[in-house]
Amino acid sequence: MKLIIAVVQDKDSHRLAQALIEEELRVTKLASTGGFLKSGNTTFLIGVDDEHVNRVLNIIQHNCQSRKRLMLPMGDSADAYPSPPVEVQVGGATVFVLPVERFEQY
Amino acid sequence: MKLIIAVVQDKDSHRLAQALIEEELRVTKLASTGGFLKSGNTTFLIGVDDEHVNRVLNIIQHNCQSRKRLMLPMGDSADAYPSPPVEVQVGGATVFVLPVERFEQY
Amino acid sequence: MKLIIAVVQDKDSHRLAQALIEEELRVTKLASTGGFLKSGNTTFLIGVDDEHVNRVLNIIQHNCQSRKRLMLPMGDSADAYPSPPVEVQVGGATVFVLPVERFEQY
Ligand code: NI
Ligand code: NI
Ligand code: NI
């Protein structure tokens, strides 16, 4: 048994939760902020048997991969010359796999 | 030293916190949602010496055991025939016991 | 690789986050309540290489040390005799260092 703690950008959080639930994995989400990832993020707790760790990591990677997007900076609408689009990093996940000594369900 | 992470239904959360505090156990509660348990839930972090793990698990089991309750579905008050009561699962806890390499208090 | 979980009084939380970010440590904050520390608190998740654990613990200790402060109790403004100042404990941190079996970033 392992406990996977995954810090995920809010942008990917709903999609990841759906993907994990479709695979009948059990997930708890904690409200979290800042740090590992630049914008708002969500921390997932996922309990899995050892043989399913790679499968869960694949699902996280597939749904939360860091990628670049072109975005228009929010400019002053009175600007004569609107700002050009800029490339920003979105998504990404930071994942810890922790050993579990005991697991109980009541 | 162990760190016990317990995901508990909101319905049982206040009662569990009271029971742990009465036993002078130190607890932190994290706001959490969905997944392990169907409705709203709370994640407890409980730090304990190895010899107290069983005592804490007993307290969690005693206060959070999954049970069935008869509930009236919320119906349209204009219904000619009110819905019969349905059996729903309430309570329950998912508990991870994690090894701790170091514990410090400042 | 270790995962440091630190429960810190809200009063020290912003200062600690700043100190960790200045050292280029990556931090996630979870909203948490009660228990380990009397008033509102914040739970930090900090992922660090083994050789940096002591440095992070020093930063936490430096920014969150428990100390006494004189505070005026909030009295009834109609009281003829205002209450004298009382000594209260502020700050402090409860810290768990957990082993990490795998660490991934996507
Ligand atoms: Ni299986
Ligand atoms: Ni004892
Ligand atoms: Ni280094």
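Analyst: In this predicted model, 27 residues of chain B are in contact with 20 residues of chain A, where contact means heavy atoms within 4.5 Å. Chain B and chain A bury about 1,900 Å² between them, and carbon and sulfur atoms carry 64% of that area; buried area is the accessible area (1.4 Å probe) that two parts lose on being put together, summed over both.

The interface of chain B and chain A holds one salt bridge, defined as a side-chain nitrogen of Lys or Arg within 4 Å of a carboxyl oxygen of Asp or Glu. Its partners are Lys2(B) and Glu101(A), with an N to O distance of 2.9 Å. Six residue pairs, both at pLDDT 80 or more, are in polar contact between chain B and chain A. A polar contact is a pair of N or O atoms within 3.5 Å; within protein, one must be able to donate a hydrogen and the other to accept it, and residues adjacent in sequence count only if both atoms are side-chain atoms.

On the side of chain B that touches chain A, two or more residues each come from β1 (2-9), β2 (27-33), β3 (41-48), α2 (53-64) and β6 (93-99) of chain B. These elements are DSSP runs numbered from the N terminus, helices being H or I with at least four residues and strands E with at least two. The element that gives the most to this side is β6(B), with seven residues. By residue class, the side of chain B that touches chain A comprises 15 nonpolar, eleven polar and one charged. Here Ala, Val, Leu, Ile, Met, Phe, Trp, Tyr, Cys and Pro count as nonpolar, Asp, Glu, Lys and Arg as charged, and the others, Gly among them, as polar.

The interface of chain C and chain B may be set beside this one. There, 26 residues of chain C are in contact with 20 residues of chain B, and the two chains bury about 1,900 Å², 64% of it on carbon and sulfur atoms. The rule finds one salt bridge across this interface, formed by Lys2(C) and Glu101(B) with their closest N and O atoms 2.9 Å apart. Six residue pairs, both at pLDDT 80 or more, are in polar contact between chain C and chain B. At least two residues each of the side of chain C that touches chain B are supplied by β1 (2-9), β2, β3 (41-48), α2 (53-64) and β6 (93-99) of chain C. The most comes from β6(C), with seven residues, and the side as a whole divides into 14 nonpolar, eleven polar and one charged.

As for the chain that supplies Glu101(A), chain A has two helices and seven strands, in the order β-α-β-β-α-β-β-β-β from the N terminus. Of its 106 residues, 45% are buried, that is, under 20% relative accessible area (1.4 Å probe, protein chains only).

Residues are numbered from 1 along each chain as its sequence is written, and chains are lettered from A and ligands numbered from 1 in the order in which they are written. Local features need pLDDT of at least 70, side-chain atom pairs count only at pLDDT 80 or more, and totals for chains, interfaces and linings use all residues, while side-chain values use heavy atoms, with hydrogens and water left out.

How values were computed: Buried means under 20% relative accessible area, exposed over 50%, partly exposed in between (1.4 Å probe, protein chains only).
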